[in-house]
Amino acid sequence: MPQLQLISPNLDELNRSLGATFSLQQQSEEDKDRLRDEVLDKIQQCENRMTSFYGEWNETANSYRMIPRAQGKKPTGLFNSKSGETNRAINTLATTWFRMLTAVDPMFEAVAHGLNEKGQPMTQEEIFGAEQVLVRQLRASDYKRKLLKSLRSVAGFGTVIVEEPWVSRADIEYTDFNVRSLLLSFWDPSVPEIKESDFIAFA
């Protein structure tokens, strides 16, 4: 069983849904053990049911890195090597999508929607200021590099998992864009789409 990272829940949202303050420390050891066992059981179930997918995704990852199979069933007369076509195809698709998404700089436009905090229509200076804040946040999070990495995952595996933690630094705050490996992610395999899973764990 791999070492899992602990993802802190949104306690404010949980407290509102429960109507009371939730604290893990206040729960009994029996409830904590049951919660831990349920999570580990779900992860084990995901590993068992997704074995074939993990194998295919790992094969794609090795082909992208041009790593030969350690053991492969092949005729004796054939060599065990990898070509660069998978790498070429994935990067061609990913860079094409990336250029389409980021061809304009900035790749978005801020528009007025409603009134400002004083109840007055937003001025062009306020709209420009909001746009520049977003530009600075994207640069601070290294968004474009991470976006290209996520597009490579989409081109190779057909999907991607991105974690968006809130980052607070002394000079700026922003929502990060961290790409997670599908080979090291776990979710409920019974749902039709990953986003509908009631949990996602990362190794």
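Mentor: Axes here are lines fitted to C-alpha atoms, for helices over the stretch in contact, and angles run from 0 to 180 degrees between N-to-C directions. This is a predicted model, in which local features need pLDDT of at least 70, side-chain atom pairs count only at pLDDT 80 or more, and totals for chains, interfaces and linings use all residues. Residues are numbered from 1 along each chain as its sequence is written, and side-chain values use heavy atoms, with hydrogens and water left out.

Trainee: Why are helix 4 and helix 6 called oblique to each other?

Mentor: Helix 4 (residues 85–102) and helix 6 (residues 143–157) pack at an angle of about 135°, with their axes 8 Å apart. Angles under 35 degrees count as roughly parallel, over 145 as roughly antiparallel, 65 to 115 as roughly perpendicular and the rest as oblique. The pair is therefore oblique.

Trainee: What makes an element count as a helix or a strand?

Mentor: Both are DSSP runs, numbered from the N terminus: helices are H or I with at least four residues, strands E with at least two. On that basis, the protein chain has six helices and six strands, in the order α-α-α-α-α-α-β-β-β-β-β-β from the N terminus.

Trainee: What share of the protein chain is buried?

Mentor: Buried residues (under 20% relative accessible area, 1.4 Å probe, protein chains only) make up 23% of the 203 residues.

Terms used
Buried means under 20% relative accessible area, exposed over 50%, partly exposed in between (1.4 Å probe, protein chains only).
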